[in-house]
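User: Please examine the model shown here and answer a few questions on its chains and on how they meet.

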Amino acid sequence: MGEVIVITSGKGGVGKTTTTANIGIGLAQAGKKVIVIDTDLGLRNLDVVMGLENKIVYNLVDVIEGNCRLRQALIRDKRFAELYLLPSAQTRDKSAVSPGQMQKLISELETEFDYILLDCPAGIEQGFENAVAGAERAIIVTTPEVSAIRDADRIIGLLETKGIKKNSLIINRLRIEMVQKGDMMTVEDVTEILAIPLLGVIPDDEQVVIATNQGEPIVGTDSLSGHAYDHICRRILGEEIPIPDFSHSDSFFSRVRRLFGKN
Amino acid sequence: MSAPSVHIAKDRLHHLLMADRMKCTPDMAEKLSRDMYHTIAKYIEIRPENFQLKITRSDIHIKYTGENY
């Protein structure tokens with residue numbers, strides 16, 4: 001039986017979709033059979049981040065409404081044969097899918113895939129309810145900002161109420177120089193406030209923007225964020241990899257940055 | 001150069017989360033903290049600066065460091 005993981009945040013724009021895509025690709029790189037599902041009805045995005053937008057024929061709502069068979073709506077990734085995308089609908093209203101229907105869909109997929117990743121929409125409305133309905137574990141993405149952390153706290157509370165207790169945190173877009181200057185919360189500050197296990201830290205990296213422009217993954221590339229996503233995937237697979245210390249000036253990353261003349 | 005802003009962020013977040021978790025206004029959260037302090041101060045020798053009330057998603061922690069002075 002596959003593991004069902006929802007990637008959520010509360011606040012929009014913190015990197016849920018990029019994270020879903022790169023964890024999906026990273027797990028596929030490790031030889032796992034993975035499906036990523038875009039549950040953001042009306043605002044389809046995951047296909048674009050993965051560079052699969054031209055391959056869409058059917059979508060999640062078509063499957064739910066019985067316009068096609070589940071298999072017909074699954075898009076195979078162009079890089080990994082064992083990675084699939086179930087895209088969202090671009091034009092349907094948000095009530096087209098119910099949590100019960102999502103649960104049924106996921107139970108069909110569970111027998112076939114090792115990992116089922118659900119990209120959750122922002123907010124705490126119906127889309128959130130749908131995305132978490134079939135999930136047994138959640139990855140909460142936040143940035144080190146007051147508003148994002150506040151929303152993450154709300155989301156963790158809601159997940160706990162729903163009985164999803166296996167929650168872990170990804171801190172995205174950490175700016176190491178700002179942390180060192182005391183102008184950005186540290187990894188410890190954020191984990192202390194949110195009080196859930198830390199799955200990974202992704203440094204702010206323009207390579208992510210470049211990769212996303214191209215619809216290509218960042219995981220597996222030789223970049224700060226590429227390595228961070230790689231570590232996250234390996235932690236999901238059960239490896240114990242320590243989180244690098246980002247708060248000191250002689251950290252691994254600042255040495256790498258100096259090496260490349262970025263400081 | 002201006003002073004590091006991270007303390008302001010943490011302080012704002014602390015107040016926001018306390019209010020969110022209690023589903024009340026920051027002002028009410030402040031009042032609760034004050035009332036708790038006064039209640040405890042009736043029984044334990046304590047100073048305001050050594051008293052801290054922290055509300056997490058599932059617990060209320062009251063921290064004091066009375067023995068340190």
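Analyst: A crossing of two helices is left-handed if the near helix is turned anticlockwise from the far one by less than a right angle, and right-handed if clockwise. The model under discussion is predicted.

User: What is the handedness of the crossing in which α7(A) passes α1(B)?
Analyst: Residues of both helices meet, among them A:Ile149 and A:Arg150 on α7(A), and B:Leu13 and B:Leu16 on α1(B). By the convention above, the crossing of α7(A) past α1(B) is right-handed.

User: Is α7(A) roughly parallel or roughly antiparallel to α1(B)?
Analyst: The two helices pack with their axes 10 Å apart and at an angle of about 25 degrees. Angles under 35 degrees count as roughly parallel. Therefore the relation of α7(A) to α1(B) is roughly parallel.

User: Which element gives the most to the side of chain A that touches chain B?
Analyst: In chain A, 16 residues are in contact with twelve residues of chain B. With eight residues, the element that gives the most is α7(A).

User: How many charged residues does the contact of α7(A) with α1(B) have?
Analyst: The residues that meet there include A:Asp153 and A:Arg154 from α7(A), and B:Arg12 and B:Asp20 from α1(B). The contact has six nonpolar residues and no polar ones, and its charged residues number five.

User: What is the radius of gyration of chain A?
Analyst: Chain A has twelve helices and eight strands. For its 263 residues the globule rule gives 18 Å, and chain A is close to that value, so it is as compact as a globular protein of that length. Its radius of gyration is 18 Å.

Technical notes. Residues are numbered from 1 along each chain as its sequence is written. Chains are lettered from A and ligands numbered from 1 in the order in which they are written. This is a predicted model: local features need pLDDT of at least 70, side-chain atom pairs count only at pLDDT 80 or more; totals for chains, interfaces and linings use all residues. Helices (H or I, at least four residues) and strands (E, at least two) are DSSP runs, numbered from the N terminus. The radius of gyration is taken over C-alpha atoms; the globule rule is 2.2 Å times the number of residues to the power 0.38. Two residues are in contact if their C-beta atoms, placed from the backbone, lie within 7 Å. Axes are lines fitted to C-alpha atoms, for helices over the stretch in contact, and angles run from 0 to 180 degrees between N-to-C directions. Angles under 35 degrees count as roughly parallel, over 145 as roughly antiparallel, 65 to 115 as roughly perpendicular and the rest as oblique. Ala, Val, Leu, Ile, Met, Phe, Trp, Tyr, Cys and Pro count as nonpolar, Asp, Glu, Lys and Arg as charged, and the others, Gly among them, as polar.
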